Amino acid sequence: MEDRKRDSNKEKLRSMALILNRADALVIGAGAGLSASAGFTYDGPRFTDNFSEFIERYGMTDMYSAGFYPFKTPEEKWAYWSRHIYVNRYDMEAGRAYKDLFQLVNDRNYFVITTNVDHQFQLAGFDDDRIFATQGDYGLFQCKRACHKRLYENEDQIREMVKHQKNCRIPSSLVPKCPVCGGEMEVNLRADGFFVEDGSWHRAARRYEAFLNENMEKSIVFLELGVGMNTPGIIKYPFWKMTKGMSRAFYICINRGEAWAPGEIEDRSICVDGDIGELLNQLLLYESRL
């Protein structure tokens, strides 16, 4: 069974390489599965090695659920969140899957839309003007109540919080406050109706829309990587709809356990079930032989 699957994936990867090589434009849609494949998991040793004291005190089991923990004080909240942001945004390099993807598309006419907030595309070398990060960025703060539409880079503050935390708390003097209303600050993540979409967010949205409009009549490939069903309305469903509506569009999906396409676009789709990082590396090899 596994041998048949591997042979099938090899044929699909060869076909993908040919399709990508012939395409006039490429839209990359990336979800959490891509970062997980790159090694940035939210559980296992990566969690237990970095959050042992938080696990012992609060009974946390992984970084995802820990993000919803009802901390009693802002000093406790920011002790955890500064560590979380540091581990997932600043204390890391670009993962291999992202580097391979960049090598695969760097000389192509591409655009990226992603729900990931870990800045991996930028770290791997992707052009910031070709990235639309719809759900925010760990590296940015905003007013929790969105009293104004400005975002603030947080690296210096995060590093100070990590440096000075003790017993799962940070000093009260390091708790971030909104410079306008004096209220609480929050990480710029789309979690409620107060998510701030600043000028940069809207400019990225317009660039993405312009890219689609400029290439809708051309041979365009929608490459979906690691997108699950948590927020399918951002990448997955639009990719399906655009593939159906654009006569020269093709849909490619690489994901573990969630690689499929609806019947309406089946004849213009290739879906591969497996580890995204491994498959991207193999795809890069096939593409280099063309």
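I began with one pair of residues in this predicted model, and I noted that Val27 stands opposite Phe222 in strand E7.

Strand E1, residues 25-30, is joined to E7 by six bridges, and the two run parallel. Strand E8, residues 249-255, also pairs with E7 in the parallel sense, over six bridges. I then followed the chain from E7 through helix H11, residues 236-245, to E8, and I recorded that they make a right-handed β-α-β unit.

Is strand E7 mostly covered or mostly open? I found that E7, residues 220-225, is mostly covered, with six of its six residues buried, each having under 20% relative accessible area. Ile220, Phe222 and Glu224 point one way from the strand, whereas Val221, Leu223 and Leu225 point the other way, and I noted that all are buried, Glu224 included.

Which residues lie nearest its centre? Of the 27 residues that line this pocket, I listed His119, Asp128, Asp137, Leu140 and Ser200 as those nearest the centre. By kind, the lining divides into eleven nonpolar, seven polar and nine charged residues.

My last entry concerns where the lining comes from along the chain. Helices H6 (74-90), H9 (155-164) and H10 (199-215) each supply at least two residues of the lining of the second largest pocket, and so do strands E3 (131-133), E4 (136-143) and E5 (152-153).

Note on methods
Residues are numbered from 1 along each chain as its sequence is written. This is a predicted model: local features need pLDDT of at least 70, side-chain atom pairs count only at pLDDT 80 or more; totals for chains, interfaces and linings use all residues. Side-chain values use heavy atoms; hydrogens and water are left out. Buried means under 20% relative accessible area, exposed over 50%, partly exposed in between (1.4 Å probe, protein chains only). Helices (H or I, at least four residues) and strands (E, at least two) are DSSP runs, numbered from the N terminus. Two strands pair if DSSP finds at least two bridges between them. A crossover is right-handed if, with the strands pointing away from the viewer, the path from the first strand over the helix to the second runs clockwise. On a 1 Å grid over the protein atoms alone, a cavity is a set of points where a 1.4 Å probe fits but cannot get out, and a pocket is an open set with protein on both sides within 12 Å along at least five of seven lines; lining residues have an atom within 4 Å of a point. Ala, Val, Leu, Ile, Met, Phe, Trp, Tyr, Cys and Pro count as nonpolar, Asp, Glu, Lys and Arg as charged, and the others, Gly among them, as polar.
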